[in-house]
Each structure stands twice: as C-alpha cells, then as structure tokens.
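Reader: I would like to learn how to read a fold step by step. Could you walk me through one?

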Amino acid sequence: LINPTLQDIREYLPRIFASDLLSVDIETGWGQITCIGFAPDQEHSIVIPFMDKRMITRNYWATPEDEVEAIKLVREIMHSPVPKLGQNFAGYDAFWFLKKWKIKPMNLLHDTRLLHHALFPELPKDLEFMGASYTQQGPWKLWGNAGQRDKRDD
C-alpha cells in the first residue's frame, strides 16, 4: 500500500500490532522525513508518505491537520511494544524520529547493520554491500540511478 489515506493507515494498524517483528524504514530528503515504510511480514507493507514531488506544495497530505494525524499514527506505531527491525535504524532512523518529530522508537530488537558488523567487522557495512551479499538482487540501488552512488542529507 503506497498511497494510503488516513483511513487506510488506521485499517492497517491491526496488522502492524499483530506482527511478531515489524520492519521499519524511513527515507529522508530536503531536511525532512519524506516517507516511512512498515512491513509486518514478508508479503505486506505500507508506505506513509509525507512528501509528494508531483504536488506544487510538495506535501502528500492535503491539510496540515491531516499530516499531523498521520504523524500521530506513526507515533502510535513507533511507541507500540511490537518488536522492530531496521537497517542502520539505531544510527540513522531513530535520530530522525527524535530530531524531527520527538518520537522515541520503542522496542528496537534488531538493527541489521549492527548485526552484520558484529559478525563481520572487517567487511563493508553499507546496504549495497549487504544486499549484494545476502540476496540474489545484487546492488539494486544502482538500477535506476545510472551510477549515482552518494546519498546526501543533513
């Protein structure tokens, strides 16, 4: 689910709260959180957007009140006791939640980057290397970027 309404998010919450392990990932750009993905299992996920470059205002939500409500729903998810998993979550995503929205993520169980580094400290720990090592996908981040490699954000 990639273009949810507030009602879609509310209806998705029971699936999230019933999860044994919730995968969480944020994307950032232009000094803000642009979207957050939640995957309660291997076959289902929801992306909650906050930025839409197709819109003149660049806002996904039609009103500030809708955006505040979406952030409240994200806060409810992040404060829930559901165990959470993320890639570089402790070093990146958690910082953004705290800095931008004053959300303290609860019950972070696994950070795949930290786990990889603990097992193989001599190997690179970036997502591109890990994805190429642990999946059959190869370095997928290059597929649509024609060689663009640097991710910059504040």
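Author: Gladly. Let us start with what counts as an element: helices (H or I, at least four residues) and strands (E, at least two) are DSSP runs, numbered from the N terminus. Keep in mind that this is a predicted model. Read from the N terminus on, the chain here goes α-β-β-β-α-β-α-β-α-α.

Reader: How many helices and strands are there in the chain?

Author: The chain has five helices and five strands.

Reader: In what order do the strands sit in the sheet?

Author: The general idea is that two strands pair if DSSP finds at least two bridges between them. In this case the five strands make an open sheet with the order 3-2-1-4-5, and the pairing is mixed. Strand 3 and strand 5 (108-111) are the edge strands, each pairing on one side only. From one strand to the next, the twist averages 25 degrees.

Reader: Which helices pack on that sheet, and what do they touch?

Author: Helix 3 (residues 89-101) packs there, touching strand 1 (22-29), strand 2, strand 4 (84-86) and strand 5. The direction of helix 3 makes about 65 degrees with that of strand 1. Helix 4 packs on the sheet as well, in touch with strand 4 and strand 5, and its direction makes about 55 degrees with that of strand 5.

Reader: Now the pairing in detail. How do strand 2 and strand 3 run, parallel or antiparallel?

Author: Strand 2 (residues 32-41) and strand 3 (residues 44-49) run antiparallel, and five bridges join them. Ile36, in turn, stands opposite Ile48.

Reader: Let us turn to the surface. Which residues form a nonpolar patch there?

Author: The patch consists of Leu119, Phe120, Leu123 and Tyr134, which together have about 400 Å² of accessible area. Leu123 lies in the loop between helix 4 (112-119) and helix 5 (127-134).

Reader: Why is Leu123 called partly exposed?

Author: The label covers what falls between buried, under 20% relative accessible area, and exposed, over 50%. Leu123 is partly exposed because its relative accessible area is 33%.

Reader: And what can be said of the chain as a whole?

Author: Of its 154 residues, 34% are buried. The accessible surface comes to about 9600 Å², and 56% of that belongs to carbon and sulfur atoms.

How values were computed. Residues are numbered from 1 along each chain as its sequence is written. This is a predicted model: local features need pLDDT of at least 70, side-chain atom pairs count only at pLDDT 80 or more; totals for chains, interfaces and linings use all residues. Side-chain values use heavy atoms; hydrogens and water are left out. Patches are made of residues with over 30% relative accessible area and no salt bridge: like charges are joined within 9 Å, nonpolar side chains (Val, Leu, Ile, Met, Phe, Trp, Tyr) within 5 Å. Accessible areas come from the Shrake-Rupley method with a 1.4 Å probe; for residues, only the protein chains shown count as cover. A salt bridge is a side-chain nitrogen of Lys or Arg within 4 Å of a carboxyl oxygen of Asp or Glu. Buried means under 20% relative accessible area, exposed over 50%, partly exposed in between (1.4 Å probe, protein chains only). Axes are lines fitted to C-alpha atoms, for helices over the stretch in contact, and angles run from 0 to 180 degrees between N-to-C directions. Contact means heavy atoms within 4.5 Å.
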